Amino acid sequence: EMPLSATSLVCSCVSSGQIINLADAYADFRFNRKLDSDPDKNRTRSVMCVPIHDKKYQQTQGCLQVMNKMDRYGEYKGSVFTDLDKELAVSCASLVAVAIVSSRAINTVDTMVKTSIRTASSVPATPPRIAHAQSSSGILSGPGGGAHSPLAPKTSALASPARQSAAGPSQLQPSPLR
C-alpha cells in the first residue's frame with residue numbers, strides 16, 4: 001500500500017474507475033516526477049493505470065500501473081500501450097481483484113479460528129462423568145459405580161426385562177426402586 005496524493009495518476013484512476021493511458025508521463029500534471037530517482041538513466045515515459053475493480057462488492061480496490069511500453073525491438077521511444085495491452089492489463093487486474101477478495105476472506109476465517117481457539121482455551125477443563133452400560137442387566141456403572149451408583153437409572157414398578165424372562169410373562173415381579 002502507498003499513500004495517495006489527491007491529484008496523482010493512481011488516485012485519479014481509482015476514484016474515476018477509468019483506465020489512464022499516457023504516451024508521455026511527464027506531459028501530465030498528475031504524474032509524480034519524484035518517482036524517477038534519476039531521470040537521465042531511468043525516465044518514465046509511458047504509463048497505463050488500470051483500476052482493480054471487485055465486481056462482487058462493486059468497489060475499486062486499487063490500481064494496476066504499468067510503465068514504459070517497449071516496442072518489439074526493446075526501445076521505449078514513442079511506444080504507447082495498445083488496446084491489446086489494455087485487454088491484458090484488465091485481465092490481470094481482474095485476477096488481482098479475485099486475489100484481494102480471497103486474501104480478505106482467508107484473513108476473516110483465520111481471525112474467526114483464532115477467536116474460537118482463544119474462547120475454547122478460556123473454558124475451564126473439567127473431567128466428564130461417563131457412564132458405562134452393562135448389556136445383560138441394563139444396570140449402569142460409573143467410576144466407583146455398580147448398581148448403587150448415582151448414575152444408575154432408577155426403575156419404576158414395572159418389571160425389568162431380566163426378571164420377566166426368569167419369572168415368565170404371567171408372573172411379573174416389580175423391580176425395586178432405589
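Lys-86 and Asp-83 sit three residues apart, about one turn of the helix, and both belong to helix 2 (residues 83-122). Helices here are DSSP runs of H or I with at least four residues, strands are runs of E with at least two, and both are numbered from the N terminus. The side chains of Lys-86 and Asp-83 meet in a salt bridge, with N to O at 3.8 Å. A salt bridge means a side-chain nitrogen of Lys or Arg within 4 Å of a carboxyl oxygen of Asp or Glu. Lys-86 is partly exposed, at a relative accessible area of 27%, whereas Asp-83 counts as exposed at 54%. For these labels, buried is under 20% relative accessible area, exposed is over 50%, and partly exposed is in between (1.4 Å probe, protein chains only).

A word on the model comes next. It is a predicted one, in which local features need pLDDT of at least 70 and side-chain atom pairs count only at pLDDT 80 or more, while totals for chains, interfaces and linings use all residues. Residues are numbered from 1 along each chain as its sequence is written, and side-chain values use heavy atoms, with hydrogens and water left out.

Now for the overall layout. The protein has three helices and five strands, and along the sequence they follow the pattern α-β-β-β-α-β-β-α. Of its 178 residues, 22% count as buried. The exposed surface comes to about 13,000 Å², with carbon and sulfur atoms supplying 59% of it; such areas come from the Shrake-Rupley method with a 1.4 Å probe, and for residues only the protein chains shown count as cover. Take the contacts (heavy atoms within 4.5 Å) between residues at least 6 apart in sequence: 34% of them join residues at least 24 apart.

Three strands make up an open, antiparallel sheet, in the order 1-2-3. Two strands count as paired if DSSP finds at least two bridges between them. Strand 1 (20-22) and strand 3 (59-67) are at the edges with a single partner strand each, so one side of each has no neighbour in the sheet. On average, neighbouring strands of this sheet are turned by 15° against each other, direction ignored. Helix 1 (residues 9-16) packs on the sheet and touches strand 1, strand 2 and strand 3, its direction making about 140° with that of strand 3. Both angles rest on axes, which are lines fitted to C-alpha atoms (for helices, over the stretch in contact), and angles run from 0 to 180 degrees between N-to-C directions.

The pairings can be followed strand by strand. Strand 1 pairs with strand 2 (residues 47-54) over three bridges, and Leu-22 stands opposite Val-47 in strand 2. Strand 2 and strand 3 pair over eight bridges, with Gln-59 in strand 3 as the bridge partner of Asp-54. The hairpin of strand 2 and strand 3 has four residues between the strands, and in it Gln-58 takes a positive phi near 55°.

What about the inside? In soluble globular proteins, nonpolar side chains tend to be buried together. The largest nonpolar core here has 10 residues, including Leu-9, Cys-13, Ile-20, Leu-22 and Phe-31. Such a core is a set of buried Ala, Val, Leu, Ile, Met, Phe, Trp, Tyr and Cys residues joined through side-chain atoms within 4.5 Å. Helix 1, strand 1 and strand 2 each supply at least two residues of this core. Apart from it lies another core, of seven residues, among them Val-50, Ala-89, Ala-93 and Ala-97.

Ala-25, another member of the largest core, is found in the loop between strand 1 and strand 2 and is buried, at a relative accessible area of 0%. Not counting residues up to four places away in sequence, Ala-25 touches Phe-31, Thr-44, Arg-45 and Val-47. Ala-25 and Arg-45 are 20 residues apart in sequence, yet their C-alpha atoms are 5.4 Å apart.

Back to the charged pairs: the count of salt bridges comes to four. One of them joins Arg-43 and Asp-24, at 3.6 Å from N to O. Both residues lie in the loop between strand 1 and strand 2, so the pair ties together parts that are 19 residues apart in sequence. Arg-43 is partly exposed at 25% relative accessibility, and Asp-24 is partly exposed at 35%. Asp-28 forms a salt bridge with Arg-30, the closest N and O atoms being 2.8 Å apart, and Asp-28 counts as buried at 13%.
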